Amino acid sequence: MSEVLKGKVAIVTGAASGMGRATAEAMLAAGASVVAADVSEAGLLSLAPHPQLRTVQCDVTNKRDVAAVVATAVAVFGGLDIACTAAGICQPESIVGAGIVWARTMAINVDGTLNVCSAAIPEIKARGGGAIVTWASTNAFQATPNLAAYNVSKAAVLMLTKSIAVDHAEDGIRANAICPGWVRTPMAGDLGAAYGSPEAWHEAILKTQPLGMASPEAIAETAVFLASDASALTTGSAVMVDGGLTAKSASVSPPPLPIA
Ligand SMILES: NC(=O)c1ccc[n+]([C@@H]2O[C@H](COP(=O)([O-])OP(=O)(O)OC[C@H]3O[C@@H](n4cnc5c(N)ncnc54)[C@H](O)[C@@H]3O)[C@@H](O)[C@H]2O)c1
């Protein structure tokens, strides 16, 4: 990857695993300095050391933790240009009786994203602008059964992202939401546990997502693009990186007519 982010400073939440981890690594490879943040200290410790990498244990629901992530970027690397908010959870819960999962999902996925963005925006503004990349989902558009809290949280993240794009365009800040389909991460693996084997799970995914399960690295490339000047006119967008999941109708279809 060419150094399209050379001289830029990024914070990445959810950086201990999955797409956040791949994004932190991709941004380093693209020349950025990175503060990797996650609630999992063990996961952060497993990141390969890099001279332009710092790690900070952070629960995104805790504003003091989040402030420490931004402060590290400023103190160590001299400022902040990019904020990536990949930290999130996805747990099933029925709508009747919704409570514990709902509250936790909103706290981490929605309030956590807001906490990171609101702490990052003044520092990005002080640099004359930059980019925010959030993690929504195809679930912002389609309701996966038994995942009401997650579905609602991702719709909220998307609208928060659009609101940032509108409110902070004059500060030179762009904000875009990546909307992945199924991606091969521990989160997707956990949800697929009921299918018995990873192969059976991937087979089931392939029926709904024509290009199959994505790699976290493929999503990270989109994050680098959205953080770079190559996407200078893209803001407030839901960037579908879903392998065709939302293009494909789940409706029954008639067989094609025979060619006369
Ligand atoms: N995997 C998928 O198929 C998929 C699809 C669409 C969207 N997403 C979204 O992409 C993002 C990344 O997901 P992933 O698949 O890489 O998941 P993952 O489980 O591999 O990684 C999520 C990371 O977030 C961290 N985290 C959780 N709660 C936190 C908190 N309170 N504070 C700080 N860190 C916290 C976890 O420790 C973990 O390292 C999530 O927002 C997820 O909702 C995932």
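Let's start at Trp 182, which, leaving aside its neighbours within four places in sequence, is in contact with Ala 188, Leu 191, Trp 201, Ile 205, Gln 209, Met 213, Ala 214 and Leu 245; contact here means heavy atoms within 4.5 Å. This is a predicted model, in which local features need pLDDT of at least 70 and side-chain atom pairs count only at pLDDT 80 or more, while totals for chains, interfaces and linings use all residues. Residues are numbered from 1 along each chain as its sequence is written, and side-chain values use heavy atoms, with hydrogens and water left out.

Trp 182 sits in the loop between β6 (173-180) and α6. Helices (H or I, at least four residues) and strands (E, at least two) are DSSP runs, numbered from the N terminus. With a relative accessibility of 22%, Trp 182 counts as partly exposed; that label covers the range between buried, under 20% relative accessible area, and exposed, over 50% (1.4 Å probe, protein chains only).

Gln 209 lies in the loop between α7 (198-208) and α8, and its relative accessibility of 1% makes it buried. The side chain of Gln 209 reaches the backbone nitrogen of Trp 182 at 2.7 Å, a polar contact being a pair of N or O atoms within 3.5 Å; within protein, one must be able to donate a hydrogen and the other to accept it, and residues adjacent in sequence count only if both atoms are side-chain atoms. Not counting residues up to four places away in sequence, Gln 209 also touches Gly 181, Ala 214, Asp 242, Gly 243 and Leu 245.

From here, turn to the ligand. It is surrounded by 27 residues, and the closest are Ser 17, Met 19, Asp 38, Tyr 150 and Thr 185; a residue is near a molecule if one of its heavy atoms lies within 4 Å of it. The shell divides into 17 nonpolar, seven polar and three charged residues. In this scheme Ala, Val, Leu, Ile, Met, Phe, Trp, Tyr, Cys and Pro count as nonpolar, Asp, Glu, Lys and Arg as charged, and the others, Gly among them, as polar. Helices α1, α5 (148-167) and α6 (186-191) each supply at least two of the shell residues, and α6 gives the most, with three.

Several polar atoms line up with the ligand's own. A polar side-chain atom of Thr 185 lies 2.5 Å from a ligand oxygen, and an N or O atom in the side chain of Lys 154 is 2.9 Å from an oxygen atom of the ligand. A ligand nitrogen is 3.4 Å from a polar backbone atom of Cys 58. Taken alone the ligand exposes 830 Å², of which the protein buries 91%; these areas come from the Shrake-Rupley method with a 1.4 Å probe, and for residues only the protein chains shown count as cover.

Finally, look at the nonpolar cores. Such a core is a set of buried Ala, Val, Leu, Ile, Met, Phe, Trp, Tyr and Cys residues joined through side-chain atoms within 4.5 Å. The largest has 33 residues, of which Leu 5, Met 27, Val 34 and Trp 135 touch the most other members. Elements that each supply at least two residues of this core include β1 (9-13), α1 (18-29) and α8 (216-227). Apart from it lies another core, of 28 residues, among them Val 9, Val 35, Leu 80 and Ile 108.
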